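Reader: Hey, could you walk me through this one? I'd like to start with the pocket.

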Amino acid sequence: MTIEIKTSMLEPVRHTFAHIERRFGDKPATRYQEATYDVQSETNFHYRPLWQPDLELNDPRRTAIQMSDWYAFKDPRQFYYGSYVQQRAKMQEAAENNYAFFEKRNLANHLSEELRASLIRFLVPFRHVEHTANLNNVYGAAYGYGTAITQALMFDGMDRLGMAQYLSRIGLILDGNSGDSLVEAKTQWMSADIWQGVRAICEEMLVTKDWFELLIAQDFVIDNLVANLVYEQWDEHLVANGGQDVAMLTEFMRVWHKDTARWVDAVIKVAAAESEENQLLISDWVTKWRGKAAEAFAPLCNEMLSENALTDALLVMDKRLAKAGVK
Amino acid sequence: MATKKLNLKDKYRLLTRDLDWEFSYQDRKEAFPYEEFEGIKITDWSKWEDPFRLTMDSYWKYQAEKEKKLYAILDAFSQNNGQTNISDPRYVNALKIFLTGVSPLEYQAYQGFAQTGREFGGIGARVACQMQSIDELRHVQTQIHAMSHYNKFFDGFQEFSHQHDRIWYLSVPKSFFNDARAAGPFEFMVAIGFSFEYVLTNLLFVPFMSGAAYNGDMATVTFGFSAQSDEARHMTLGLEVIKFLLEQHEDNVPIVQKWIDKWFWRGTRLLTIVAMMMDYMLPNKVMSWKEAWEVYFEEAGGALFKDLARYGIRMPKYAETIEKEKEHISHQAWWTFYTHGHATGFHTWVPSDEELDWLSEKYPDTFDKYYRPRWEMAKEMEAKGERFYTKALPQLCTVCQIPMLFTEMDDPTQTCYRSSDYEENKYHFCSDGCKDIFDDEPEKYVQSWLPVHQIFQGNCGGPDVEDILRDYYRINVGTDNMDMKGSPDELRWKEWKGTA
Ligand SMILES: [Fe+2]
Ligand SMILES: [Fe+2]
Ligand SMILES: [Zn+2]
């Protein structure tokens with residue numbers, strides 16, 4: 001026998017989990033809060049990892065940054081898995097339409113030989129940079145501390161794989177799926193002079209051990225340059241030279257960089273506001289990687305854009321940093 | 001230009017596999033430093049066969065569709081107070097074990113696969129691990145969200161995260177995953193990717209999800225089904241890892257065999273809790289633990305190991321012992337929890353007469369002979385108002401951390417004790433399987449955070465057990481623990497049903 005129950009009659013015993021209540025009070029919590037706060041184990045680990053016996057399995061000491069509460073890194077986008085995939089599914093649907101339209105109308109055929117060559121030379125090799133970014137962000141997901149920041153790093157890491165794949169698809173559109181353009185782009189990446197600085201800095205990030213330093217190097221410094229140089233300045237250059245349709249294929253990246261910069265800036269702001277020490281670390285890391293990146297990108301910039309391009313991009317970076325409260 | 005049609009394999013290779021490169025400016029070993037210390041030999045990562053070829057755009061698309069459906073049902077579940085449609089409030093105690101004991105393992109899987117997803121030198125393997133990592137994050141989060149509504153109406157869910165790090169029986173699942181994560185990346189993959197996800201996962205998820213279905217729990221059924229296509233990917237990854245390791249170098253065979261032996265044993269110990277849940281905690285039974293073991297391990301696993309024989313891999317060690325254990329472990333475990341029911345974050349109870357009869361029928365060779373008399377005695381004591389709780393703290397196995405509750409399988413009246421000496425100390429084990437694991441790596445297992453030892457050492461507050469339960473475990477004493485009969489959970493249920 002089932003008995004009709006009026007839903008309004010049932011009073012909950014509590015509104016959320018105890019750790020959420022301790023942070024936000026006994027009131028209905030958001031899905032982001034319940035999925036994020038205090039989910040990671042913090043104590044009583046059973047064994048030291050064989051691969052790093054001086055540290056615990058989850059250990060805040062894998063970066064020099066120190067936080068009294070690692071859950072201060074609230075994601076302004078409030079991404080947990082569900083909201084993250086919904087958001088990206090929307091972006092990919094738009095991208096899919098763009099790619100389909102581009103291919104259906106054979107827009108690649110309207111590009112001059114010169115333009116096609118420069119796409120292969122300047123744009124497609126960035127798929128290797130995205131791949132580096134994939135590894136660097138997954139590194140933070142693996143070794144970072146607290147769900148708030150590690151989940152965001154994981155999402156970022158997967159995004160970068162997605163963008164590496166989009167860039168690869170651009171190559172395949174250009175070469176009619178033969179893969180020749182990808183081979184050519186890789187040759188550029190491996191041996192063209194203009195790319196060696198960028199490749200060297202990618203390799204250097206891949207051997208960098210402090211995950212927060214990597215976040216600064218990759219997600220702030222390098223990404224800032226890529227977003228500005230490739231998806232803004234070079235995009236304008238393409239528009240001016242009959243390549244305006246290419247923007248359809250890179251729109252995903254432009255939207256993505258805008259969206260993600262909000263999160264990166266919030267992370268930097270919170271970490272820097274925590275203490276003088278953090279502030280100093282961050283500004284040292286920015287100085288270090290900004291210098292290396294400027295040197296690494298200069299030859300590419302000069303060929304791809306102009307001598308001033310890099311200066312403009314660095315200016316954007318400095319403004320962002322100041323806004324995040326780092327001197 | 002004519003556009004060539006690409007098959008999936010070529011497309012995936014072009015889009016993904018060619019992204020990596022040979023380093024010129026740094027030592028690649030510095031970038032992937034953990035590939036060699038376990039003794040595994042990888043001669044050629046390019047031989048890796050991608051177990052699934054999913055690009056990120058399709059991943060986002062499919063997963064978003066699944067999430068949309070799942071959350072629509074979770075929303076409906078809470079709006080309609082779906083918790084009132086379950087079979088019996090005792091059922092919810094299985095969910096409490098799930099959220100406090102299993103969901104945090106999904107989290108550890110997320111972390112472990114993030115690590116292999118960063119550390120493997122081969123991009124095919126890395127990307128597959130990364131996808132599993134983010135899937136596992138999905139699992140922990142959807143489980144929290146599915147249980148969120150139960151937490152509002154039942155006790156024992158509210159401190160799942162705090163308790164996972166502390167409560168005595170939760171150190172069993174926690175240490176299992178800590179063990180895998182503390183190992184090297186290849187052992188982790190054999191432990192979790194293969195032994196757990198491929199060989200044993202059906203024994204964890206099928207019982208929980210069918211249990212949910214049989215007991216009217218739409219929220220759990222839905223996340224279970226929704227996770228199924230993720231799990232299918234995880235299983236193919238687990239199998240590919242094994243085949244890849246075995247094909248890469250013959251020296252890998254004995255190492256992999258040792259890991260299979262270890263993780264198979266550790267996995268079956270972990271599943272004791274599932275055995276107990278199936279036989280005792282589900283008001284509407286799905287099948288007995290014994291039957292589940294026969295279907296999902298003896299038949300399915302038997303075929304798998306026959307297939308692996310061509311690589312020189314044999315059945316896991318102690319498979320014969322486990323065959324005998326299926327007759328006993330659920331009974332021994334529930335008895336232990338029943339008698340320690342004051343120290344658990346969920347409720348325990350004596351099975352009803354109908355349930356005792358079901359157990360007699362399902363376990364004709366053992367239940368009436370060894371276990372039914374205990375329950376009849378407990379029932380009588382309870383009727384006299386003398387519900388029995390043992391005061392002693394149990395001794396724990398140093399490896400699996402389960403109380404010494406298992407018997408010799410050839411003599412179910414005799415508790416099984418094994419021990420080893422290491423650096424002037426004696427360590428105790430529940431079985432030969434656990435002793436072997438210790439003897440192979442004593443320096444690892446002497447570190448075990450054994451909850452009972454920790455209590456005796458004063459690391460969990462006290463001095464009384466009740467202080468520890470209340471302050472260190474954050475169990476609401478008198479509310480979350482003790483018998484189901486007379487619990488606030490039961491009272492609320494009766495109010496909802498108008499039978500109070
Ligand atoms: Fe999972
Ligand atoms: Fe899984
Ligand atoms: Zn044991």
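**Pocket, metal and a buried arginine**

Author: The largest pocket has 25 lining residues, and W45(B), S46(B), G121(B), G122(B) and I123(B) lie nearest its centre. This is a predicted model, where local features need pLDDT of at least 70 and side-chain atom pairs pLDDT 80 or more, while totals for chains, interfaces and linings use all residues. Residues are numbered from 1 along each chain as its sequence is written, chains are lettered from A and ligands numbered from 1 in the order written, and side-chain values use heavy atoms, without hydrogens or water.

Reader: OK, new topic: what coordinates the iron ion (ligand 1)?

Author: E106(B) (OE), E136(B) (OE) and H139(B) (ND1) do, at 2.0 to 2.2 Å. Donors are N, O and S atoms within 2.8 Å of the metal (3.2 Å for Na, K and Ca), and water is not among the atoms, so sites may look incomplete.

Reader: And which residue bridges the two iron ions, ligand 1 and ligand 2?

Author: E136(B) does, and these ions lie 3.2 Å apart.

Reader: Are E136(B) and H139(B) buried or exposed?

Author: Both are buried, meaning under 20% relative accessible area with a 1.4 Å probe and protein chains only. They sit about one helical turn apart, because they are three residues apart in helix α5 of chain B.

Reader: How far is R127(A) from Y166(A) in space?

Author: They are 8.2 Å apart, C-alpha to C-alpha, and 39 residues apart in sequence.

Note on methods
On a 1 Å grid over the protein atoms alone, a cavity is a set of points where a 1.4 Å probe fits but cannot get out, and a pocket is an open set with protein on both sides within 12 Å along at least five of seven lines; lining residues have an atom within 4 Å of a point. Helices (H or I, at least four residues) and strands (E, at least two) are DSSP runs, numbered from the N terminus. Buried means under 20% relative accessible area, exposed over 50%, partly exposed in between (1.4 Å probe, protein chains only).
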